[in-house]
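This briefing is meant for someone meeting the structure for the first time.

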Amino acid sequence: SLASPSSPQGSELHGWRPQVDCVRANELCAAESNCSSRYRTLRQCLAGRDRNTMLANKECQAALEVLQESPLYDCRCKRGMKKELQCLQIYWSIHLGLTEGEEFYEASPYEPVTSRLSDIFRLASIFSGTGADPVVSAKSNHCLDAAKACNLNDNCKKLRSSYISICNREISPTERCNRRKCHKALRQFFDRVPSEYTYRMLFCSCQDQACAERRRQTILPSCSYEDKEKPNCLDLRSLCRTDHLCRSRLADFHANCRASYRTITSCPADNYQACLGSYAGMIGFDMTPNYVDSNPTGIVVSPWCNCRGSGNMEEECEKFLKDFTENPCLRNAIQAFGNGTDVNMSP
Amino acid sequence: EAPLGLYFSRDAYWERLYVDQPAGTPLLYVHALRDAPGEVPSFRLGQHLYGVYRTRLHENDWIRINETTGLLYLNQSLDHSSWEQLSIRNGGFPLLTIFLQVFLGSTAQREGECHWPGCTRVYFSFINDTFPNCSSFKAQDLCIPETAVSFRVRENRPPGTFYHFHMLPVQFLCPNISVKYSLLEGDSLPFRCDPDCLEVSTRWALDRELREKYVLEALCIVAGPGANKETVTLSFPVTVYDEDDSAPTFSGGVGTASAVVEFKRKEGTVVATLQVFDADVVPASGELVRRYTNTLLSGDSWAQQTFRVEHSPIETLVQVNNNSVRATMHNYKLILNRSLSISESRVLQLEVLVNDSDFQGPGAGGILVLHFNVSVLPVTLNLPRAYSFPVNKRARRYAQIGKICVENCQEFSGVSIQYKLQPSSTNCTALGVVTSPEDTSGTLFVNDTEALRRPECTKLQYTVVATDRQTRRQTQASLVVTVEGTSIAEEVGCPKSCAVNKRRPECEECGGLGSPTGRCEWRQGDGKGITRNFSTCSPSTRTCPDGHCDAVESRDANICPQDCLRADIVGGHERGERQGIKAGYGICNCFPDEKKCFCEPEDSQGPLCDALCRTII
């Protein structure tokens, strides 16, 4: 059954204004003396140890007000763009000033995704001769087909073997692998390989356990996902939010995968592609999600955390975790991809 | 957050708003519960209306609150143009939901900081239409809010009213529809409705340690202007919030642990563990280590330097009256903070003060003292009186002859022993010894094959000396090695290393570095794909390959490359942790000089499979 949507702060994403990216906005701001001096002031306000006191300062407030009228206020970033980290740093330098205290959901610094799943299906059938139709027969192992398709493409094969060999390399009996390097290699794979390949491997549909186990193993979870201890999800979220990239990817996931009770698919703007993209965008960070078991049909994904030790924040923790484990939008999107169906948007 | 004050029973409220709803329409009630008797709430609205992701949209000109009852109502009708005005400011997002902040008390809280318990958010979903015709409502819409409702009640606080059932706009605009509620559960639960069942209250103070979740069920009966009645059941959870009202106790009543430090003397060794139980779940994980402190009480600087305490809390469930209630178990481990020398000897009592600093109870109830009785015993080094081993005259260099070990050496950790051989005659110094760091034992090996083959060296006599590196303490034993067998000339054309040989016959005909008999040994694998038990040729199947590059093997890459080589492996294989082949396909042979190993099936025909192809197919 579909879980009830958890918050009403609806954010169906469409109808954005055309935006400049933050690197460009920063250049525009730098060319103007008033903007650039206010921006410098704000950065100093945010860098202070006690951020909140600093922000209460009159000069900081004034800087923030001026910057809200500048191109920096509306700027966004593109996933996998050149200087992505720099772009996100600029984005958060303004937006951390605007949101005092922690919000459960944060606005995504990324531009909205306009492509649809059907585009991928079309491309996939061009790229691979056989097995292009994701619903060939119930018997075939789609995850194996996806691996084969990747190996037939030089770029996919190269980046895949790169992350596999890095994530598989045992350092010592107590250290399974170099997790940091493994995460980096996974990020490169998902950033640089077209989603026709990466989604097929990550979201392939399965009829039996062997296939589902392969699907679970896609990101080499013993290195990239599992850890000695499971942290509390809210502690993990705090950790993720200290990192600009992780924070942005999480915000993007929330923006694109949050269950909505106003759409047929439960996804914001019925856009499966956007949800799957922002899910894949979290792989290779502290909040890396994965399939929790090799159940072929009952799909449950989660980051490596649980709600033990939440104290009085248990409700909030469960709410956070359920956006992964019991999210009808995400589940519908994964299933729709596996079945090769998309919502028909044209009337 | 202040321990006392009023708090909202929810952190978020929801209601629908329609276009042109008349001024005066009541919207909903917010409720505040008391932390102390006699507190009176005073509600205050935040100045602004917010949109998606806390975008500030506009000053709130439309909604007002009754500061004593908590009733929110429309002060001014919202027309289409007002909505459009708000939409424009919503950062490009379609306007669906807006919210207002409601604060408690007159304290000037900053507008930006709205957090439960002192502030709650009231969300309004905007329906871009006028209020529907009364007859169009289904019973479901009249009884149950669109979004699930849940409540927060603090334990040990005065009871109070926390919910108003009725959906006020419908009541106001459709007075002819009668909606009545009643609570379903029996008298056992601490909740009640007033006679008309408009509002729900707690009957007495709740205790989280007895039960932390209730699911309230109510019946809603709708009777329209027509005769037919409809009933709908609704349920909503009430969560009891914890405060630190339980003192820590010893788990199972045990507050003392005794431990002996003898052979394990390494930094990081866990000496003893004690558990402390606390029925509270606050402070939570993020705060816990800061609020739940432990101090090693001991004036002795030796003890302070030598031991440390590690605290690891874990949430557990306990059964109380058939309810599962969360609680916390704290594990305190006494750990060696430095490696201790073997001469160190002490008996001491260590006390660790545990302080649950948030504990609200009387006196020093939050404080516990853990007792550790620790005996640090000295280790005396002893070797057996005499060792005797045979050695084959044909043995090659680095052939392993036997092991020597001070008493209990395999249990040692953090103790470093060095073994040395003192020959009794200078002519027959054929052997060497190395210490294995893993088990602190010494391995005897052939170091000089020429000396071994001298006719006068049939009996090699040595004194073995074991020295502790740190204290320089020593012990010794005699060692007699008898040389057996006859020597034969080495075969011509054989490689230096056994591992080079790929087939059984050539393996068993040749000798190689490290072979105790002068001949290599063949290990026949099980042939089950990529396996740890692969076929290979080695100096002695007892030591090579065993997945471990030991102290002797590591002296020369030719002895056992299967365990020791850091090299390319061609063919189906699984790499060892640091070096060597963990598992291989078919026969594995190695060329140490070229730093290459090959693993392939006996009659290799198909193409070789590398790590990648194995993971794919």
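**A tyrosine in chain A**

A:Tyr291 is placed in strand 1 of chain A, which covers residues 289-291. The model is a predicted one, and the points below are grouped by topic.

Surroundings of A:Tyr291
- With a relative accessibility of 2%, which is under the 20% cut-off, A:Tyr291 counts as buried.
- Leaving aside residues up to four places away in sequence, A:Tyr291 touches a set of residues including A:Phe203, A:Arg215, A:Tyr279, A:Val300 and A:Ile334.
- A:Leu202 is also among the residues touched, and its backbone oxygen is reached by the side chain of A:Tyr291 at 2.6 Å.

Helices 8 and 9 of chain A
- The axes of helix 8 (residues 142-151) and helix 9 (residues 154-168) of chain A come within 6 Å and cross at roughly 110 degrees, and the two helices are therefore roughly perpendicular to each other.
- Where they meet, A:Ala147, A:Cys150 and A:Asn151 of helix 8 face A:Cys156, A:Lys157 and A:Arg160 of helix 9 in chain A, a contact with 3 nonpolar, 1 polar and 2 charged residues.

Aromatic rings
- Over all chains, the count comes to 35 aromatic pairs.
- The ring centres of A:Tyr225 and A:Trp304 lie 5.3 Å apart with planes at 70 degrees, so this pair is edge-to-face; the two residues are 79 residues apart, and both are buried.
- In chain B, the rings of B:Trp14 and B:Tyr123 have centres 6.3 Å apart and planes at 20 degrees, so they are stacked, and both residues are buried.
- One aromatic cluster includes B:Phe151, B:Tyr163, B:Tyr214 and B:Phe236.

Note on methods. Residues numbered from 1 in each chain as written. Chains lettered and ligands numbered in written order. Predicted model: local features only at pLDDT ≥ 70, side-chain atom pairs only at ≥ 80, totals over all residues. Heavy atoms only, no water. Helix = DSSP H or I, 4+ residues; strand = E, 2+ residues; numbered from the N terminus. Buried < 20%, exposed > 50% of the residue type's maximum accessible area, 1.4 Å probe, protein only. Contact = heavy atoms within 4.5 Å. Polar contact = N/O pair within 3.5 Å; in protein donor to acceptor, adjacent residues only side chain to side chain. Axes fitted to C-alpha atoms, helices over the stretch in contact; angles between N-to-C directions. Parallel < 35°, antiparallel > 145°, perpendicular 65-115°, else oblique. Nonpolar A, V, L, I, M, F, W, Y, C, P; charged D, E, K, R; others polar. Phe/Tyr/Trp six-rings, centres within 6.5 Å; stacked < 30°, edge-to-face > 60°.
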